[in-house]
Amino acid sequence: MKYLCPSCRSPLELSGDRLVCSPCGGGHASLIDGMIEFDGCTDKESFFEKQAIERLDRFYADYDADKFQEVLKRVHLWQMDWANKRVGIARKFWWEPHIGPIRDKAVLEIGCGVNYIVPSFLLNGNRVFAFDICKGSVDFLRKILGRIGAPTERLELAVADATRLELGEKFDIVDINNVLHHIDDRPAVFERVHRHLKDDGKLIIVEPNYYYPPRWMIETDSLDPFNFVKDYFVRNDLIEKGEKAIIFPRMRRQLLDAGFKIDATFKDPNFLGYFTQYWIREDTGLARAIFKLDEMLFRHILPAAVAPFQYIIASKA
Ligand SMILES: C[S@@+](CC[C@H](N)C(=O)[O-])C[C@H]1O[C@@H](n2cnc3c(N)ncnc32)[C@H](O)[C@@H]1O
Ligand SMILES: [Zn+2]
């Protein structure tokens, strides 16, 4: 991968184990064990270290190639595996009805974390550049890829910040899955995505919606200091301190301002299901009834404004 200087966008050159910019006269990243790690990529709350390593490791304990194939077939929230469900994935391959399967493409995966996406992109013959600001997540992803035997010849991983990273390459697909709600400066991300997307490329995004009522209750500051549910979620690393989901009309405007057009946007239909999945046992009559209620009733009457997640497919305007 050709990395560019985050300040002046000149190509960075490797000098020893440092990526340096000649015009600026300084180093920006280090090559450590074969992976580029940009300076200043720290996770100040250690949230993802705890999330990814302590909790996810348990869910991935019995994974191998067969188990991963079995898990890939579980696409909807009501039938999904815990490893993906617990990182907030409500529907796998949600883009396929709109843009078809992603195969043999150049893909940029922003804030990759650890889930089904990078391994399945690799299994589908794509060339993937995936990065995350959290080194712990990237290392853990590498470990899981090894465990499930995903092909990694066409993968490059890095530790980098989506608001600063500049690459000397363009991609067919840029995927952002549940990442933007952890980034305050979203316009900086969109400006960079626009530079890194081919003219006929697609940007695909899914993010949690701030106004989904159970989420609003947990994330709002307006009930402090008596918001005991919020305190519980933060104390148990279920949300990051200060975490705020996405206000979609605002984010759509930011996308337009960055030079994108929205090809499609739609809501996740699991209104009751997403809220109840954590405390109702799987595969019980009650769980099935709740997801049925969403499918038959709530998805038709409740607006996108209160959906648990929203999906966006965008391209260059
Ligand atoms: C909720 S996790 C989602 C991970 C993964 N995309 C998924 O859906 O499972 C959010 C991810 O965004 C990463 N992240 C947060 N801020 C970032 C930034 N500025 N640049 C790159 N990654 C970032 C976090 O480290 C974390 O892995
Ligand atoms: Zn420079």
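Colleague: What covers the buried residues of helix H7?

Modeller: The cover includes strands E9 (166–167), E10 (171–177) and E11 (197–208) and helix H10 (248–257). Helices here are DSSP runs of H or I with at least four residues, strands are runs of E with at least two, and both are numbered from the N terminus. This is a predicted model, in which local features need pLDDT of at least 70 and side-chain atom pairs count only at pLDDT 80 or more, while totals for chains, interfaces and linings use all residues. Residues are numbered from 1 along each chain as its sequence is written, and chains are lettered from A and ligands numbered from 1 in the order in which they are written.

Colleague: Which residues of H7 are buried, and why are they said to line one face?

Modeller: In H7 (residues 186–196) they are Arg186, Val189, Phe190, Arg192 and Val193. Down the helix axis they fall within an arc of 165 degrees, so they line one face. The arc is taken over the directions from the helix axis to the C-beta atoms. Buried means 20 or more other C-beta atoms within 10 Å of the residue's own, exposed means 12 or fewer, and partly exposed is in between, with C-beta atoms placed from the backbone.

Colleague: Why is Arg9 called partly exposed?

Modeller: Arg9 has 14 C-beta neighbours inside 10 Å, so it is counted as partly exposed. Arg9 sits in the loop between E1 and strand E2 (13–15). Phe93, in the loop between helix H3 (82–85) and helix H4 (96–99), has 13 such neighbours and therefore also counts as partly exposed.

Colleague: What makes the phi of Arg9 worth a remark?

Modeller: Its phi is positive, about 60 degrees, although Arg9 is not a glycine. Phe93 likewise has a positive phi, near 55 degrees. Most residues other than glycine have a negative phi.

Colleague: How many residues does the largest nonpolar core have, and which have the most contacts inside it?

Modeller: The core has 75 residues, and those with the most contacts inside it are Val118, Val128, Ala130, Phe131, Val174 and Leu203. A nonpolar core is a set of buried Ala, Val, Leu, Ile, Met, Phe, Trp, Tyr and Cys residues joined through C-beta atoms within 7 Å. E11 supplies the largest share, five residues.

Colleague: What does Leu203 touch?

Modeller: Leaving out residues up to four places away in sequence, Leu203 touches Val174, Val193, Leu197, Phe260, Ala314 and Ser315. Contact here means C-beta atoms, placed from the backbone, within 7 Å.

Conventions:
Two residues are in contact if their C-beta atoms, placed from the backbone, lie within 7 Å.
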